[in-house]
Amino acid sequence: MPAPKLRVAASKRPTPAESSRPADAPLTTAQRIVLPAYENIALVLQGGGALGSYQAGVFEGLDEAGIVPNWIAGISIGALNTAIIAGNAPEHRQAKLREFWQIITQPTFSPPLPDILENAWFDGNAHLRKWLTAMQAADTLLEGQRGFFTPRFPAPLPANEVDPLEASYYDTTPLKATLERLCDFDRINDGGIRVSVGAVNVRTGNLEAFDNTERRLRAEHFMASGALPPGFPPVLIDGEYYWDGGVVSNTPLSYVLGTKPRRDTLVFQVDLWSALGPVPNTMIGVASRQKDLQYSSRTRLTTDWMERSQSTRRLMRKLLDHLPPKEFERTQWYKHAQEMACTKRYNVFHLIYAAKEHEGPGKDIQFGPSTMRDHWASGLADIRESLSHPEWLEMPDNDTGFVTHDIHRHPGVEREDKRL
């Protein structure tokens, strides 16, 4: 039976000016979308520090289109955005995201630059913007970010033994208070939205998923997912110490795609590091490109693997359909094949932050209101452009039952290039 067609409420496509509007400007365009009957609509958020406001822009675009995820999974800054979204009523999520980012983009101790001055420098020429963003990164290193983390004074010496919870250059105690003020953890745990965040067990080295279908989540679980060493300390949960999930894998995409029971799934995968990029010709470029590759987590490799696996499961289902029922009673092999076979369909939208020319290897610590608004606007523009192709949202009807889309690789058409 063919998949139901996508319906889009009458609206006009966003103009370039509307797509690039400031994140806190009023909506001028709304495109309400009624999706096919996907069982899972997942928002998957990668780690990337200050780049995480790009994810907030993507969420704003989904929200204005009426697309409501029933599963949100994140790692690192993606886990913190997950907490804010899942921990608030739908009508308050955008406002709480904006409040969170407005807090953590302020310096801890010194007064912020006046908006008129910061915006003038950011919107000036390339040299002014590079100078401003470098100053933002330096300020982050020196004094941390308000409501997020503060430097330890004195910093621990390299060979001195300290409590594991103090083995870091920054203290993340302020983050706990911020999350507990902005998030309703009863709402996170009430089962309305499935929530999953990834962290690494420091002792075993295993990547673990903290999932609200298996345990009650607290602020500590989200903090653990973002506890990137050596900057941040581990978080102690149930007698075990946890670091940022990005130490092992910077995206929970494989967890979402591999979960059982399998279901028809639409995924909005929001990455903050691009595996695709130019060959650098400066040492700054080398450092920046190395970081991109390290934290991109080969997202496309994950989707290629999942596509092949799903193709095999669908083929197995077709073969089993041609066997007489009595064969399944004769051997466990047939029963095992029956369990593996699957005709579910998967549709993955890649939304990948495209680094700007003025950004270097410190772009993930360039916290600042102007930079935050720029990232946010980029995420909003990218999701609006992606959703302007409503046919992409239809249930896959190909042989594999799996499709991916990415406007940055093939603008205007479905992505086909699988090279990394």
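These legends describe close-up views of a predicted model.

**View 1. The largest nonpolar core of the predicted model.** This core holds 70 residues. Trp101, Leu179, Phe222 and Phe268 have the most contacts inside it. Helix H3, residues 77-86, gives the most to this core. Its share is seven residues. Another core lies apart from the largest one. That core has twelve residues, among them Leu253, Val267, Met306 and Phe402.

**View 2. The surroundings of Phe222.** Which residues does Phe222 touch, leaving aside neighbours within four places in sequence? The contacts include Ala79, Leu80, Thr82 and Ala83. Leu179, Phe185 and Ile188 are also in contact with Phe222. Val195, Val197 and Leu217 complete the list.

**View 3. Asn250, a buried loop residue.** Asn250 lies in the loop between strand S10 (240-244) and helix H10 (253-258). Is Asn250 buried or exposed? Its relative accessible area is 3%, under the 20% cut-off, so Asn250 counts as buried. Gly47 is 203 residues away along the chain, yet the C-alpha atoms of Asn250 and Gly47 are separated by 5.7 Å. The side chain of Asn250 reaches the backbone oxygen of Gly47 at 2.9 Å. A polar atom of the Asn250 side chain also lies 3.0 Å from the backbone oxygen of Tyr295.

**View 4. The salt bridge between Lys344 and Glu39.** The whole structure has 16 salt bridges. In this one, the closest N and O atoms of Lys344 and Glu39 are 3.1 Å apart. Lys344 sits in the loop between helix H13 (332-340) and strand S12 (346-352). Glu39 sits in the loop between strand S2 (33-34) and strand S3 (40-45). The pair therefore ties together parts that are 305 residues apart in sequence. Lys344 is partly exposed, at 24% relative accessibility. Glu39 is partly exposed too, at 34%.

**View 5. The salt bridge between Glu99 and Arg181.** The closest N and O atoms of this pair are 3.0 Å apart. Glu99 belongs to helix H4, residues 93-104. Arg181 belongs to helix H7, residues 173-182. Glu99 is partly exposed, with a relative accessible area of 26%.

View 6. Asp292 is buried, at 10% relative accessible area. Arg289 is buried as well, at 12%.

**View 7. A network of salt bridges.** Lys176, Glu180, Arg218 and Glu220 are linked in this network.

Technical notes. Residues numbered from 1 in each chain as written. Predicted model: local features only at pLDDT ≥ 70, side-chain atom pairs only at ≥ 80, totals over all residues. Heavy atoms only, no water. Core = buried A, V, L, I, M, F, W, Y, C linked by side-chain atoms within 4.5 Å. Buried < 20%, exposed > 50% of the residue type's maximum accessible area, 1.4 Å probe, protein only. Helix = DSSP H or I, 4+ residues; strand = E, 2+ residues; numbered from the N terminus. Contact = heavy atoms within 4.5 Å. Polar contact = N/O pair within 3.5 Å; in protein donor to acceptor, adjacent residues only side chain to side chain. Salt bridge = Lys/Arg side-chain N within 4 Å of Asp/Glu carboxyl O.
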